[in-house]
Amino acid sequence: MSDPAQSADHPDDDGHRVPTGADGDVGTVAILGAGRVGTAIARVAMRAGYQVRLAASGDPALIDLIAQIMAPGAVTTTAADAVTPAELVVLALPLGKHATLDGDALAGKVVVDAMNYWPSTDGRNPELEAAPSTSEVVARHLTRSAVVKTLNHIGYHDLEEHGLPAGAPGRRALGVAGDDPDATALVRGFVDRLGFDPVDAGDLAAGVHLQPGTPIFNGSHDATALSTLLREAPAAVGH
Ligand SMILES: NC(=O)c1ccc[n+]([C@@H]2O[C@H](COP(=O)([O-])OP(=O)(O)OC[C@H]3O[C@@H](n4cnc5c(N)ncnc54)[C@H](OP(=O)(O)O)[C@@H]3O)[C@@H](O)[C@H]2O)c1
């Protein structure tokens, strides 16, 4: 669904913004990246009642068909227009492209980093390889955003299939790591609404424990098991 605001030629005051809920949760989510994980997050977010705005790197017309098939109901638009009315922005593009993100457009936003470093697709990147947590590199680029790491350690298919209502026995948990307490609280609410128990994974640097190569990455754990893994994580990865 193309953004009506684009053709109406006026600022984005077209009613897509949903007021922030009393519990501090959000109503409009922008997702940058319309691939496997971006469209999966779009689907589960819309199922949870969010308005979703979806963008890739270029002309939104290029992702209209993808959105119609993979995430019907999502508004396709440019990246800049996607983030303007969003209370929360999810980065679901290849990590190697993070430097193309517009820091001005994302200033003041809570930004979920769902990306991982894969040299085979991202190319070798010494800065990403040297960083304990790749989200710190993203945060260094987005200096005026509150970057929170989560959703990176669940496969896109599991994201859709493993979600359960709050309180369901064995509900899968996801770690949430960030430096800004308000931002991480907001993102924990988002994760909960998507169908997963949010577990505090510490600051953004500690998000290294959620990355590829760790016991947590791609493992399916409930909150108790994930908390235990996080407690044991420093020895596991030398952080
Ligand atoms: N696949 C999974 O199960 C999974 C799970 C968790 C996390 N992740 C992580 O999520 C990221 C994306 O993975 P994926 O599997 O979804 O990749 P993908 O299927 O290749 O999709 C990547 C998307 O990002 C878009 N993109 C590229 N550059 C962009 C930019 N500058 N701004 C906005 N969008 C841009 C691409 O479209 P254009 O090139 O047309 O712009 C494409 O829509 C990776 O870092 C991956 O490690 C993946």
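User: Which residues come nearest to the ligand?
Analyst: This is a predicted model. Of the 25 residues around the ligand, the nearest are Gly33, Gly35, Ala56, Ser57 and Met115.

User: Which helix gives the most to the shell around the ligand, and with how many residues?
Analyst: Helix α2, which spans residues 36–47, gives the most, with three residues.

User: How many residues of the shell are nonpolar, polar and charged?
Analyst: The shell around the ligand holds 14 nonpolar residues, nine polar ones and two charged ones.

User: How do I read the two faces of a strand, and what covers strand β4?
Analyst: In a regular strand, side chains alternate between the two faces of the sheet. In strand β4 (residues 88–91), Leu88 and Val90 lie on one side, while Val89 and Leu91 lie on the other. A residue counts as buried when 20 or more other C-beta atoms lie within 10 Å of its own. All four of these residues are buried, so both faces of β4 are covered.

User: Which strands pair with β4, and in what sense?
Analyst: Strand β1 (residues 28–32) pairs with β4 in the parallel sense over four bridges. Ile31 has Val90 in β4 as its bridge partner. Strand β5 (residues 110–113) also pairs with β4 in the parallel sense, over four bridges. Here Leu88 stands opposite Val110 in β5.

User: What is the phi of Leu151, and where is this residue placed?
Analyst: Leu151 is not a glycine, yet its phi is positive, about 65°. Leu151 sits in the loop between β6 (146–149) and α8 (156–161).

User: Is Leu151 buried or exposed?
Analyst: Leu151 is buried, because 28 other C-beta atoms lie within 10 Å.

Terms used: Residues numbered from 1 in each chain as written. Predicted model: local features only at pLDDT ≥ 70, side-chain atom pairs only at ≥ 80, totals over all residues. Buried ≥ 20, exposed ≤ 12 C-beta atoms within 10 Å, placed from the backbone. Pairing = 2+ DSSP bridges. Near = placed C-beta within 6 Å. Nonpolar A, V, L, I, M, F, W, Y, C, P; charged D, E, K, R; others polar.
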